[in-house]
Amino acid sequence: MSAHAIAAVVYKPTDNIEALLAEAARTLAARGIKLGGVLQHDIASVPDDPCAMELENLETGESIPLSQDLGSGSVSCRVDPDALARGSIAVRGALSRGAQLIIINKFGAQEAFGAGLRDEMGEAVLAGVPLLTAVGERFLDDWAQFTGGECSLLPPALDAILGWWSELQTGG
């Protein structure tokens, strides 16, 4: 079976998907692959906030704070819409500057409902640039609907990601 230009690492809540994608990005960048996209990271240095997150622009290394402070007692979504807009600009800019691979941290709840970085995933595909993301098991049906089933599903392992990329490059 040949590799598709769209790949998703399928993960469980117990998998450290952020660390895996970061390791894959570092490995591919070290091989000279021109990356674009954004990865999510927890910010462990923020006291009293276990949900503090940021996006890393893979093209520039810029950190974009992803969590907004909604005050104590808030139960609303903490994802900062401005951060998503900056993430969108990062992805679109990388596409226009010739990225060879776009990595977007995940197809999650935001994307399943038509928001988040869903449009940017589509832009990468339309531009003919391979896309790597992660999909939690609970969003697999939404992902299949989004891709029409035309994607490679990968286990959460670095060798699987690197194997997909190698197969894609050799036309396998």
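This is a predicted model: local features need pLDDT of at least 70, side-chain atom pairs count only at pLDDT 80 or more; totals for chains, interfaces and linings use all residues.
Residues are numbered from 1 along each chain as its sequence is written, and side-chain values use heavy atoms, with hydrogens and water left out.

Visitor: How many helices and strands are there in the chain?

Guide: Helices (H or I, at least four residues) and strands (E, at least two) are DSSP runs, numbered from the N terminus. From that end the elements run β-α-β-β-β-α-β-α-α-β-α-β-α. The count is 6 helices and 7 strands.

Visitor: What percentage of the residues in the chain is buried?

Guide: Buried means under 20% relative accessible area, exposed over 50%, and partly exposed in between (1.4 Å probe, protein chains only). The chain has 172 residues, and the buried share is 44%.

Visitor: How far does helix H2 reach from its first C-alpha to its last?

Guide: H2 covers residues 81-96, which is 16 residues.

Visitor: Which residue takes a positive phi just after H2?

Guide: Within H2 the buried residues include Ala-83, Leu-84, Gly-87 and Ser-88. Just after the helix, a phi of about 85° is found at Gly-98.

Visitor: Which side chain of opposite charge is nearest to Glu-111?

Guide: Glu-111 sits in helix H3 (residues 109-112). Lys and Arg count as positive and Asp and Glu as negative; His and the chain ends are not counted. Glu-111 is buried and has no salt bridge, which would be a side-chain nitrogen of Lys or Arg within 4 Å of a carboxyl oxygen of Asp or Glu. At 7.0 Å, the nearest side chain of opposite charge is Lys-106.

Visitor: Which backbone nitrogen atoms lie 2.9 Å from a polar atom of the Glu-111 side chain?

Guide: One belongs to Gly-108, at 2.9 Å. The other, also at 2.9 Å, belongs to Leu-117. The names are therefore Gly-108 and Leu-117.

Visitor: Why does Cys-151 count as buried?

Guide: Cys-151 lies in the loop between helix H5 (140-147) and strand E7 (152-154). Its C-alpha is 4.9 Å from that of Ile-6, although the two residues are 145 apart along the chain. Cys-151 counts as buried because its relative accessibility is 10%.

Conventions:
A polar contact is a pair of N or O atoms within 3.5 Å; within protein, one must be able to donate a hydrogen and the other to accept it, and residues adjacent in sequence count only if both atoms are side-chain atoms. The expected span of a helix is 1.5 Å times one less than its number of residues.
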